[in-house]
Amino acid sequence: MDDSPVEAVRKKKEATVMVGFDLVKNGEADALVSAGNSGATMAAAIRKLGRLPGISRPGIASFFPTVKKPVMLMDIGANVDCRPQHLYQFAVMASSCSRLLLNYDRPRVGLLSIGEETGKGNALVKETYDLLKQSPLNFIGNVEGRDVYKGDVDVIVCDGFVGNISLKISEGLADAAMQMLKREIMKTWRAKIGYLLIREAFAGFKKQVDYAEYGGAPLLGIDGTGIICHGASNAVAIRNAIEVAANMVRNRVNDAIVHTLGEYAA
């Protein structure tokens with residue numbers, strides 16, 4: 001885990017991610033699911049499979065639970081330094097993916113910023129805003145961090161630095177919330193009795209915020225199918241990640257991305 005991803009894929013040619021993506025490249029496998037080093041998995045995918053036509057930088061997308069239905073956030077860590085065209089491509093890729101995997105007819109795309117008003121954000125966000133507004137995407141404008149879980153947007157775009165922090169904060173908050181609830185329940189006998197009456201609701205809540213239920217994060221923009229799982233993935237997470245990979249292959253997500261990019265360019 002301490003290896004440089006680029007050095008690892010260059011020197012460790014027999015590493016499982018390298019062998020696995022070789023199988024995908026040669027048509028012996030349809031997809032690769034990895035719970036290993038995310039950077040190395042991305043580097044191996046690019047080295048072995050290359051990028052889709054029209055894609056400058058592949059990225060990692062992730063499903064987030066909301067009060068209504070899941071939202072797809074991209075990028076969550078592959079690209080910490082981005083240009084406006086990269087975020088535009090993230091929007092196209094995530095929009096195509098969510099349309100096919102989540103059955104969103106015309107995904108609403110939001111740009112993660114520090115305010116909903118036009119003109120809010122840093123230079124990257126402002127320039128990306130103009131690109132998205134001029135595009136055929138169903139762009140609804142800027143969204144703030146507090147809007148992520150409302151479910152009023154289907155795709156949220158940001159650079160990998162912001163996206164990764166958002167992901168890790170969300171994971172930490174969900175875990176902390178469960179621990180705090182458990183601590184409060186154990187304080188009094190009334191709370192313990194109350195818990196017995198509503199424990200099914202607690203179990204349902206825990207399932208909604210459990211990363212394992214959403215499988216893995218799709219690598220979008222590579223010329224093949226790859227899924228990155230959490231390093232602490234359990235059997236449920238791996239199973240769901242395989243299902244995500246299979247659905248991407250069945251729904252020909254990459255073909256949709258290439259077609260959409262070409263259509264928008266035209």
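Is Arg252 buried or exposed? Arg252 counts as exposed, at 55% relative accessibility. For that word, over 50% relative accessible area means exposed, under 20% means buried, and partly exposed is in between, with a 1.4 Å probe and protein chains only.

Okay, some ground rules. This is a predicted model, where local features need pLDDT of at least 70 and side-chain atom pairs count only at pLDDT 80 or more, while totals for chains, interfaces and linings use all residues. Residues are numbered from 1 along each chain as its sequence is written, and side-chain values use heavy atoms, with hydrogens and water left out.

Back to Arg252. You'll find Arg252 in the loop between α8 (235-250) and α9 (253-265); helices (H or I, at least four residues) and strands (E, at least two) are DSSP runs, numbered from the N terminus. Arg252 isn't a glycine, yet its phi is positive, about 50 degrees. Asn103 has a positive phi as well, near 60 degrees, and is also a residue other than glycine. Asn103 sits in the loop between α4 and β4, and is exposed with a relative accessible area of 65%.

One more backbone item: Met74 and Asp75 are joined by a cis peptide bond, with omega about 15 degrees. Asp75 belongs to the loop between β3 (71-74) and α4.

Now, the second largest pocket. Its volume is about 390 Å³. On a 1 Å grid over the protein atoms alone, a pocket is an open set of points where a 1.4 Å probe fits, with protein on both sides within 12 Å along at least five of seven lines, and lining residues have an atom within 4 Å of a point. Points are joined across faces, edges and corners, and the volume is the space filled by probe spheres set on them.

So who lines this pocket? There are 23 lining residues, and Leu112, Ser113, Gly145, Val162 and Ser166 lie nearest the centre. The elements giving two or more residues to the lining are β4 (108-112), α5 (123-134) and α6 (160-185). Helix α6 gives the largest share, six residues. By type, the lining has 16 nonpolar residues, six polar and one charged. Here Ala, Val, Leu, Ile, Met, Phe, Trp, Tyr, Cys and Pro count as nonpolar, Asp, Glu, Lys and Arg as charged, and the others, Gly among them, as polar.

Staying with Val162: together with Val80, Phe161, Ile165 and Ile169, Val162 makes a nonpolar surface patch of about 450 Å². Patch residues have over 30% relative accessible area and no salt bridge, with nonpolar side chains (Val, Leu, Ile, Met, Phe, Trp, Tyr) joined within 5 Å and like charges within 9 Å. Areas come from the Shrake-Rupley method with a 1.4 Å probe, and for residues only the protein chains shown count as cover. Ile165 is in helix α6 and is partly exposed, at 39%.

Last topic, salt bridges. How many does a search of the whole structure find? Eight, each being a side-chain nitrogen of Lys or Arg within 4 Å of a carboxyl oxygen of Asp or Glu. One of them pairs Asp147 with Lys150, closest N and O atoms 3.1 Å apart. Asp147 is buried, at 8%, whereas Lys150 is partly exposed, at 38%. Another joins Lys187 and Glu184 at 3.0 Å, N to O; Lys187 is exposed at 56%, and Glu184 is partly exposed at 41%.
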